[in-house]
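Here is a short report for a first look at this structure.

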2 protein chains.
Amino acid sequence: MHNYVLCYRFASMNEEFIRKWKSQVKKGTLSFIVLNILKGKELYGYELIEAVKNKTSIEIAEGTLYPLLNRLKKENLVTSKWVEQESGIPRKYYVLTQEGINTIDQMKKYWETLEQSIKRISS
Amino acid sequence: MHNYVLCYRFASMNEEFIRKWKSQVKKGTLSFIVLNILKGKELYGYELIEAVKNKTSIEIAEGTLYPLLNRLKKENLVTSKWVEQESGIPRKYYVLTQEGINTIDQMKKYWETLEQSIKRISS
DNA sequence: ATAGATACATTGCATAACTATGTATTATGT
DNA sequence: ACATAATACATAGTTATGCAATGTATCTAT
């Protein structure tokens, strides 16, 4: 009985660590992912959550995305425009700026170096 | 004159964004990197800073590494042992635990999925 | 002797993901 | 008709972690 309890505790500790780790990995990668998705086409916030999930299996909360989009806007990497709908709530579409495009290029360079380094040491 | 000043400001804003972004990318990747380096052999703290720099070009501050190693220790992913030197300050060597090895495997699976997703959307 | 490298460690700040919560509209099921 | 879920925006507070700054102590080279 004691053993079962202990096993459960160790297992959940590890899952907890992995859960927190995945959350930390998102810091930084998420802005890179969102900018890359916006490179293809203009999307609105709620749609972006679905797009990120479909393209990367990463599930993000609304409380994560909206502040992120506001930061990107503040940094002049994206702009936004309200678009009225025939029915329903208006949508705020996000558009990459030229500075945003330049920034993605710099991010990509760093990411590729990092990715290859990690591939070397983790194989 | 004004133009020069403006250009400089825009450039530095972007560099500042990239600098902060790189720092964010480290959150999460760094623990994965350190664990992977320790998989090969036991290292002490100061040596790890050099190893990370050599293998990934990532420069980390001591104020980053030592708290990180303490967290990994607290999570039972590594243990440490003091090793006296013939001359000089004793070194604290870090050793992967079995739980640490298991955790790396789980991290690796997540990382590879993420890496491939990002490769798809960023190319 | 003084500077710099080696080797450990902690404190406080900034950043960003996440949970919880809030508002408002539309669609769906019973 | 009414409740529930989905759509669509947003913010406040909590938590985790990188980093600059600072501190202690030893060894080496000039």
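Helix 4 of chain A buries Gly100(A), Thr103(A), Ile104(A), Met107(A), Trp111(A) and Ile118(A). The model is predicted. An α-helix has 3.6 residues a turn, so residues three or four places apart point the same way. Helix 4 of chain A runs over residues 98-122 and has 25 residues. From first C-alpha to last, helix 4 of chain A reaches 36 Å, close to the 36 Å expected at 1.5 Å a residue.

Next comes a helix pair in chain A. The axes of helix 2 (residues 45-56) and helix 3 of chain A come within 10 Å and cross at roughly 115°. The crossing of helix 2 of chain A past helix 3 of chain A is right-handed. Gly45(A), Leu48(A) and Ile49(A) on helix 2 of chain A meet Glu62(A), Leu65(A), Tyr66(A) and Leu69(A) on helix 3 of chain A.

Now the two chains. In chain B, 32 residues are in contact with 32 residues of chain A. Helix 1 (2-40), helix 2 (45-56) and helix 4 (98-122) of chain B each give two or more residues to the side that touches chain A.

DNA strand C has 31 residues around it. Ala61(A), Gly63(A), Gly45(B), Tyr46(B) and Gly63(B) come nearest. Helix 3 of chain A gives the most to the surface near DNA strand C, with six residues.

The table sorts the residues of each surface by kind.

| Helix 2 with helix 3, chain A | five residues | one residue | one residue |

Definitions and conventions:
Residues numbered from 1 in each chain as written. Chains lettered and ligands numbered in written order. Predicted model: local features only at pLDDT ≥ 70, side-chain atom pairs only at ≥ 80, totals over all residues. Contact = placed C-beta atoms within 7 Å. Helix = DSSP H or I, 4+ residues; strand = E, 2+ residues; numbered from the N terminus. Expected span 1.5 Å × (residues − 1). Buried ≥ 20, exposed ≤ 12 C-beta atoms within 10 Å, placed from the backbone. Near = placed C-beta within 6 Å. Axes fitted to C-alpha atoms, helices over the stretch in contact; angles between N-to-C directions. Left-handed = near helix turned anticlockwise from the far one by under 90°. Nonpolar A, V, L, I, M, F, W, Y, C, P; charged D, E, K, R; others polar.
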